[in-house]
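Visitor: I would like a close look at one helix in this model. Please take me through how its surroundings are built.

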Amino acid sequence: MKKKTAKRPAAKTAAGKKPTTKKSAGKKPADEKPAGKKPATKKSATTQRAAATPAPRAVRPTSSRAVTVPKPGTVPATAGPSPYDIPYAGAPLGAHVSTAGGVRNAPPRGVDIGATAIQLFTKQANQWAERLFDAAEVQGFRDALTPTGVAFTNAHDSYLINLASPNPELRARSIASFECEMQRSTALGLDAVVSHPGNFMDDRASGIARNADAIAEVMERVSGPTRLLMELTAGQGTVIGSTFEEMAALLARLPAAVQSRVGVCLDTAHVFAAGYDLVHDFDGVIARFADVIGLARLGLLHLNDSKAPLGSHKDRHELIGAGAIGDGPFRRIMTDPRLAGIPKVLETPKGDDMVSNDRAMLRKLRTFAQG
Ligand SMILES: [Zn+2]
Ligand SMILES: [Zn+2]
């Protein structure tokens, strides 16, 4: 974790400080995120995060908001052709899908958009309420998944969770919530759970330690094949994990037995906003990731363009090609042998019918993959 291939702001280490410090460009907080559910990344972690987070976003209701999620199999006639029509032999490729009406609805919704990978929420992501699935729900999900071509499944955990919190009560609550998430996802047989590093609030090094220790505690209690993928962040406020070095430091603190079950999710919008210039130094960024974290740890790519500029530290997802990143880097991602085996999931705006945008995005990416 020293080499410096990528054109990137001064490396920040575990205890360092933010690389670029370009303050918010005054982007409008609000929209983005998948399925109309995925609330704004840092959402209203009200209590603990609001204080340290600049612009709190409007609270977005989770699965049920203004947009009505269509029943699986009811694809609008205007949705455009399915991505499945475009030959694609690459790693699982898909998007975040809604679980409205029950978790068993997620796989067929993946089929509706032409996905071979799906991400979902196993609960309302912006609420603390927890519950485990009963046997029928688990079986329903598995039965719904089997006949599909969806080959990779992952959950995204709650935005309220802050395993790095210095507040014992909030951290305990976060640990309990995170543990339930791992249990639900393990029961469903998901390949992975994606989790954001928390907000350190007081000092960075302590926050990293608290975060890692909480992960270790839960992963030691919940066994099973479901991996944990820690997602690189945009670096807003006091959030941990916006530099490769800091993510590496977080992982390094985990006990060896846990480390083997923990990897990393690279979100293109987040790393770009964090200051990694995918547009002008794509190879350098990937090489630096390989140097500092290691490609063997890369378990998932979140493919999102960014409304926010390079180094802005703002998490604002945009349709592929319509943001500050543009088509180029996504073309590279879809053809880069280093990334060929990595599942790829979109978290781009859904639009009103929840299907058309994802179909268009997945068709575009499949076309990119053809070179
Ligand atoms: Zn995320
Ligand atoms: Zn993401």
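Guide: Let us take α6. The model is predicted, so side-chain atom pairs count only at pLDDT 80 or more.

Helix α6 spans residues 244-252 and is mostly covered. Seven of its nine residues are buried. They are F244, E246, M247, A248, A249, L250 and L251.

What do these buried residues pack against? Two strands are among the partners: β5 (227-231) and β6 (262-267). Three helices join them: α5 (204-221), α7 (256-259) and α9 (282-292).

Now the pairing with α5. Two packed helices are described by the angle between their axes and the distance between the axes. Here the angle is about 50°, and the axes of α5 and α6 lie 8 Å apart. The crossing of α5 past α6 is right-handed.

Which residues meet there? From α5 come I208, N211 and A212. From α6 come E246, A249 and L250. By type, the contact of α5 with α6 has four nonpolar residues, one polar and one charged. An α-helix has 3.6 residues a turn, so residues three or four places apart point the same way.

Finally, M247. The largest nonpolar core has 93 residues. M247 is one of those that touch the most other members, along with I215, L229, V264 and L365. Leaving aside neighbours within four places in sequence, M247 is in contact with M230, L232, G241, V264 and I293.

Notes:
Residues are numbered from 1 along each chain as its sequence is written. Chains are lettered from A and ligands numbered from 1 in the order in which they are written. This is a predicted model: local features need pLDDT of at least 70, side-chain atom pairs count only at pLDDT 80 or more; totals for chains, interfaces and linings use all residues. A residue is buried if 20 or more other C-beta atoms lie within 10 Å of its own, exposed if 12 or fewer, and partly exposed in between; C-beta atoms are placed from the backbone. Helices (H or I, at least four residues) and strands (E, at least two) are DSSP runs, numbered from the N terminus. Two residues are in contact if their C-beta atoms, placed from the backbone, lie within 7 Å. Axes are lines fitted to C-alpha atoms, for helices over the stretch in contact, and angles run from 0 to 180 degrees between N-to-C directions. A crossing is left-handed if the near helix is turned anticlockwise from the far one by less than a right angle, and right-handed if clockwise. Ala, Val, Leu, Ile, Met, Phe, Trp, Tyr, Cys and Pro count as nonpolar, Asp, Glu, Lys and Arg as charged, and the others, Gly among them, as polar. A nonpolar core is a set of buried Ala, Val, Leu, Ile, Met, Phe, Trp, Tyr and Cys residues joined through C-beta atoms within 7 Å.
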